Amino acid sequence: MDIDYLLLLQSFREATGNVLSPLMLSVSDISIGFIPLALICLVYWAFDRRAGRRIFAGLSLGLFLNGLLKLVCCVYRPWIRDARVVPYGDSKVTATGYSFPSGHSTLATATVGGVGAWLWRGARRILACLCFAFVALVMFSRNYLGVHTPQDVIVGLLATALMMFVAAKLEDWTDEDPRRDRVVLIGGVLLCAAATALYFLKPYPLDYQADGSLLVDPAKMRADSFEGIGLVCAYVISRYFERRGFAFDEELSFKTRLACGSVALVPLAGWLALGYPALKAIDPLLGKFVGFFVFVAYVMLAVPAAMGLVARRVRGCR
């Protein structure tokens, strides 16, 4: 049934001369680009620190679970399962990992969907619905392009939504007693350690193509999974200190926070565009771990510390 659905969409693509395919590809690319990350950073820095922290928690746990499910289930891409499926563009070259669940759906749900949930609670329902519509469009685009089955994108959505719910409950639990932050810190580090051991010890399918190369390289997939490990590890460490040492949201006006946050996006964009790719080129596994660790530490520690300095400067000028 899932393959039949993809073939139906493929027939539509071919019958319409791929007129919608570039649009769907753009939507798909935006979901894993800088814009959603910049959006949740601004929510955290300028609008609502507590909500932003919850969104980052959902993103961290969502990507962690995505990597775990990919390496545990080891589901091949649709065109490997059925040669009749021909994805749009160069997906056979770029989408070389496992298919289940969809990473694009995970990222879109955690970032844009997380912002939508925050807007919904704030009674900004129209904007929230636009965010939810974007998530749905990203999910459909992955099917339309022939790179994911319906179950890939649906589980990507549901698994991430579950992690966002768990993250919110953990935040509520630690709010009741800040000493519980240590439990979250130790538990997060142990979780990352256990996942790392699992990824290196478990067996993987070793199916080869006609040219002698692996259909899916387990080493590459392990490296991809370390994005989630880096996020979770950095998040639990950063939140422990962030909840104790920074009060930028209380000391600065909204306009000042927004201005500082906008400026802070510039080096972040540089890191994601230049520094992170350079690290991955040196060592894919360590590069992905360090790259995402630095990303979270910058957002939750470095920028709040800098905004604290701005707050002290503002107080001194009064």
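Student: How many nonpolar, polar and charged residues does the lining of the second largest pocket have?

Tutor: This is a predicted model, in which local features need pLDDT of at least 70 and side-chain atom pairs count only at pLDDT 80 or more, whereas totals for chains, interfaces and linings use all residues. Residues are numbered from 1 along each chain as its sequence is written, and side-chain values use heavy atoms, with hydrogens and water left out. Ala, Val, Leu, Ile, Met, Phe, Trp, Tyr, Cys and Pro count as nonpolar, Asp, Glu, Lys and Arg as charged, and the others, Gly among them, as polar. By class, this lining has 10 nonpolar, 2 polar and 4 charged residues.

Student: Which helix supplies the largest share of the lining of the second largest pocket?

Tutor: A pocket is an open set of points on a 1 Å grid over the protein atoms alone, where a 1.4 Å probe fits, with protein on both sides within 12 Å along at least five of seven lines; lining residues have an atom within 4 Å of a point. Helices are DSSP runs (H or I, at least four residues) numbered from the N terminus. Helix 4, helix 7 and helix 9 (150–176) each supply at least two lining residues. The largest share, 6 residues, comes from helix 4.

Student: How much space lies in the largest pocket?

Tutor: Of the 45 residues lining the largest pocket, Ile32, His104, Leu107, Glu227 and Lys288 are the closest to its centre. Helix 11 gives the largest share of this lining, 7 residues. A volume is the space filled by probe spheres set on the grid points, which are joined across faces, edges and corners. For the largest pocket, this space is about 1,100 Å³.

Student: Why do the buried residues of helix 2 line one face of the helix?

Tutor: Ser21, Met24, Val27, Ser28 and Ser31 of helix 2 (residues 21–31) are buried (under 20% relative accessible area, with a 1.4 Å probe and protein chains only). They line one face because, by the directions from the helix axis to the C-beta atoms, they fall within an arc of 125 degrees.

Student: Which residues are in contact with serine 31, leaving aside its neighbours within four places in sequence?

Tutor: Serine 31 lies in helix 2 and is buried, with a relative accessible area of 2%. Contact means heavy atoms within 4.5 Å. With those neighbours left aside, the residues in contact with serine 31 are Pro36, His104, Leu107, Ala108, Phe134 and Val138.

Definitions and conventions
Buried < 20%, exposed > 50% of the residue type's maximum accessible area, 1.4 Å probe, protein only.
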